Amino acid sequence: MAKDFSRTQRVADQIQRELAILIQQEMMDPRVGMITLTGVEVTRDYAYAKVYFTILHDTESVQLAEQTLRRASGFLRSQLASRIKLRVVPQLQFVYDESVERGVRLSRLIDEAVGKTPQ
């Protein structure tokens, strides 16, 4: 079981690295903007991969980037197939990762709370 997990994790890490390069160098789509891939989760049968991303812009930019990535998923998958030697290259599902934004918001709230406490 542990061996299986480590292989799945290695595949997910490799997919994340390759996708980051592909999105930056091959897509060249201004609608994607400055995107960061924060993680990839691959199913045990390698049929699907959830690709988590963040983007430092407003909500409209996030939605536009997500649509663009979904439309490009076939292209990205075919490029992955030529770079990664797997029997099955997973279908890509792009999901906006809100954890970074949530962390910034919580940090700001903590800073405000600490600033308001009487000393």
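Which residues does Gln16 touch, not counting residues up to four places away in sequence? Gln16 touches Leu37, Thr38, Gly39 and Val40, where contact means heavy atoms within 4.5 Å.

## Model and confidence

This is a predicted model, in which local features need pLDDT of at least 70 and side-chain atom pairs count only at pLDDT 80 or more, while totals for chains, interfaces and linings use all residues. Residues are numbered from 1 along each chain as its sequence is written, and side-chain values use heavy atoms, with hydrogens and water left out.

The mean pLDDT of the protein is 86, and 93% of its residues reach 70 or more; pLDDT is the predictor's confidence in each residue, from 0 to 100. Confidence is lowest in helix H4 (residues 99-116), at a mean of 81, and highest in S3, at 95. Helices (H or I, at least four residues) and strands (E, at least two) are DSSP runs, numbered from the N terminus.

## The sheet

Three strands form an open sheet in the order S1-S2-S3, and the pairing is mixed; two strands pair if DSSP finds at least two bridges between them. S1 and S3 stand at the edges, each with a single partner strand, so one side of each is left without a neighbour in the sheet. From one strand to the next, the twist averages 25°. Axes are lines fitted to C-alpha atoms, for helices over the stretch in contact, and angles run from 0 to 180 degrees between N-to-C directions.

S2 and S3 run parallel and are joined by six bridges. Across this pairing, Ala49 stands opposite Leu92 in S3, and Phe53 stands opposite Tyr96 in S3. Helix H2 lies across S1, S2 and S3, running at about 150° to S2.

## The nonpolar core

The largest nonpolar core has 29 residues, and those with the most contacts inside it are Leu19, Ile23 and Leu76. Such a core is a set of buried Ala, Val, Leu, Ile, Met, Phe, Trp, Tyr and Cys residues joined through side-chain atoms within 4.5 Å. At least two residues of this core are supplied by each of helix H1 (2-27), strand S1 (35-42), strand S2 (48-55), helix H2 (59-71), helix H3 (73-83) and strand S3 (91-96). H1 gives the largest share, seven residues. In soluble globular proteins, nonpolar side chains tend to be buried together.

Ile23 touches Met28, Val32, Ile35, Leu37, Leu69, Leu76 and Phe94, residues up to four places away in sequence not being counted. Ile15 is found in helix H1 and, at 1% relative accessibility, counts as buried. Leaving aside its neighbours within four places in sequence, Ile15 is in contact with Val40, Val42, Leu80, Ile84 and Pro90.

## Polar side chains

Gln16 lies in helix H1, and its side chain reaches the backbone oxygen of Leu37 at 3.0 Å. A polar contact is a pair of N or O atoms within 3.5 Å; within protein, one must be able to donate a hydrogen and the other to accept it, and residues adjacent in sequence count only if both atoms are side-chain atoms.

Ser73, in helix H3, counts as buried at 18% relative accessibility. A polar atom of the Ser73 side chain lies 2.9 Å from the backbone oxygen of Arg70. Ser73 also touches Leu92 and Phe94, again not counting residues up to four places away in sequence.

Tyr46 lies in the loop between S1 and S2 and counts as buried at 13% relative accessibility. Tyr46 has a positive phi of about 60° although it is not a glycine. Most residues other than glycine have a negative phi, and most peptide bonds are trans.

Leu109 has its place in helix H4 and is partly exposed, with a relative accessible area of 48%. Leu109 and Glu18 are 91 residues apart in sequence and 36 Å apart in space, C-alpha to C-alpha. For Ile15 and Ile110, 95 residues apart along the chain, the C-alpha atoms are separated by 36 Å.

Methods. Buried < 20%, exposed > 50% of the residue type's maximum accessible area, 1.4 Å probe, protein only.
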